[in-house]
Amino acid sequence: MDAPFDLAVVCDDDPDIALAAKLALRGMFKEIETLASPRELQDFIKARAPDAILLDLNFERAATDGSEGLDYLGRIMTADPEAAVVIITAHGAVSVAVEAIKRGASDFVAKPWSNERLAATVRSAAALRQTRLEAQLERGRSSELGHNGETPLLGDSEAMERVRTLIDRAAPTDANVLILGENGTGKEIVAREIHRKSRRSGQPMLSIDLGATAESLFESELFGHTKGAFTGASGDRMGRLKAADQSTLFLDEIGNLPLHLQPKLLTALEQRQVVPLGSNRPVTIDVRVVAATNLTSDRLGDETRFRQDLLFRLNTIEIHLPPLRARRDDIPRLLEHYLRLYERKYERPERLVPADVMEPLVKHDWPGNVRALRHAAERAVIMADGTAYRLDDFPLPQRHEGAALSLVPGSLNLDQLERQMIERALRMHHFNISLAASELGLSRGALYRRMEKHGL
Ligand SMILES: Nc1ncnc2c1ncn2[C@@H]1O[C@H](COP(=O)(O)OP(=O)(O)OP(=O)(O)O)[C@@H](O)[C@H]1O
């Protein structure tokens, strides 16, 4: 049977205590190390990042008040701010234990301990550490995805002003928000704005992209699971709904949530509780949900695909993000922003966009919306030379209206055919990337890459 955690370290100079602790934690960790002195702990933690640390503060013997042990605790927390430290105290030394918790320890157990209590305490400390690390990873991942954390929501068109007003009204209220818009229109940025302006902004926003997660993992990703709940569930895992406790959960591509899981999400939101897979014990949650989809209101209103009671839970406030071609006024501003950003990134000089270059860019339909415009700006910065940008620097397709819909190829060049097929699928599905991708038998990622290649 697999142990749920990798490594624990027991730091106690009394070998009997160290051995007893090792025995009590058997099976929970793949490896349990013992250290006789806390002096070695800091290096050990830096090198091996243990999942849990049992630390004896040694205050019985340290003539005074355990301050030496507390000092070591401080160093541990510096070496690993998410360290899961369980303090071993002498019976009755509660005030030192409380001080230790104030300084970052997760919990304490008093000697003599019951093995069950020790195991339960260490298990929850290690699980908490794991969740925090996952949340950090999540934060890192989200900011890698296009650095949305730092991207301001740009656009002065009337449509964007309306979106901003809605964000400002919705953000402080805790109401669930549903954001509708084609791919690349900025739904994730809007979700981040809502979180940033909400009373939950002190906590990181978590997200789950139901368009990029394997469907078989939806349930456990959302609700969590207990050890052994299914083959491969080697330990307890907290779901995103619980991990986002006190914060905001961004449910991206909610339209992909299969019908059979929709009632479970609805119940969780209504009752503010989740029941992890394999468990029958509900866990309380306090989560604000911001969901997004590229489905149109009509498609979402189709109850054979989306439960209307869940929709009503999610769309207390609805924000529609219009496609870029419906707010062309925003194009120059967005383009200038991303050109400057990439000029700085690639250390290229600032170049002008002459009016005769801007005009076709503004007229372009941008089926991939702002994401595609951002890619085009990046490519132009890399390609350009001379003092100003030229139209050739931007990867726009030659426009031959109607021709893209014709299946009779003007050429047998595979590359050109591929582009025609992609354009055709995109138009057929009104630029909905997910639907176009499935029409073409591609993943969304693969379609994005091809759109980029063809400058669509
Ligand atoms: N109003 C905007 N201002 C600045 N940048 C924007 C804006 N809208 C979108 N972007 C940029 O476009 C890219 C796509 O945005 P985002 O990921 O928010 O879109 P999305 O609608 O969530 O896309 P998808 O549905 O494909 O997940 C990001 O790099 C983002 O920074």
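# Reading helix packing in a predicted chain

Analyst: Helix 2 (residues 41–48) packs with helix 3 (residues 67–79) at an angle of about 20 degrees, and their axes are 9 Å apart. This is a predicted model, in which local features need pLDDT of at least 70, side-chain atom pairs count only at pLDDT 80 or more, and totals for chains, interfaces and linings use all residues. Residues are numbered from 1 along each chain as its sequence is written.

User: What describes two packed helices?

Analyst: Two packed helices are described by the angle between their axes and the distance between the axes. Axes are lines fitted to C-alpha atoms, for helices over the stretch in contact, and angles run from 0 to 180 degrees between N-to-C directions. Helices (H or I, at least four residues) and strands (E, at least two) are DSSP runs, numbered from the N terminus.

User: Are helix 2 and helix 3 roughly parallel or roughly antiparallel to each other?

Analyst: Angles under 35 degrees count as roughly parallel, over 145 as roughly antiparallel, 65 to 115 as roughly perpendicular and the rest as oblique. Helix 2 and helix 3 are therefore roughly parallel. Helix 2 crosses helix 3 in a right-handed way. A crossing is right-handed if the near helix is turned clockwise from the far one by less than a right angle, and left-handed if anticlockwise.

User: Which residues of helix 2 and helix 3 make the contact?

Analyst: Residues are in contact if their C-beta atoms, placed from the backbone, lie within 7 Å. Helix 2 supplies Leu 41, Gln 42, Ile 45 and Lys 46, and helix 3 supplies Tyr 72, Arg 75, Ile 76 and Ala 79. By class, the contact of helix 2 with helix 3 has five nonpolar, one polar and two charged residues. Here Ala, Val, Leu, Ile, Met, Phe, Trp, Tyr, Cys and Pro count as nonpolar, Asp, Glu, Lys and Arg as charged, and the others, Gly among them, as polar.

User: At what angle do helix 13 and helix 15 cross?

Analyst: The axes of helix 13 (residues 330–345) and helix 15 (residues 369–383) cross at roughly 45 degrees and come within 9 Å. Helix 13 is therefore oblique to helix 15. Their crossing is right-handed. The contact of helix 13 with helix 15 has 11 nonpolar, no polar and three charged residues.

User: How do helix 16 and helix 17 cross?

Analyst: Helix 16 (residues 414–428) and helix 17 have axes that come within 8 Å and cross at roughly 130 degrees. That makes helix 16 oblique to helix 17. Met 421, Ile 422, Ala 425, Leu 426 and Met 428 in helix 16 meet Ala 436, Glu 439 and Leu 440 in helix 17.

User: Is Ser 438 buried or partly exposed?

Analyst: A residue is buried if 20 or more other C-beta atoms lie within 10 Å of its own, exposed if 12 or fewer, and partly exposed in between. Ser 438 sits in helix 17 (residues 433–440). Ser 438 counts as partly exposed because it has 15 C-beta neighbours inside 10 Å. Buried residues make up 36% of the 456 residues in the chain.

User: Where does pLDDT stay under 50?

Analyst: pLDDT is the predictor's confidence in each residue, from 0 to 100. Where pLDDT is low, the predicted coordinates should not be read in detail. pLDDT stays under 50 over residues 142–149 and over residues 398–409. The chain has a mean pLDDT of 85, and 90% of its residues reach 70 or more.

Methods:
Two residues are in contact if their C-beta atoms, placed from the backbone, lie within 7 Å.
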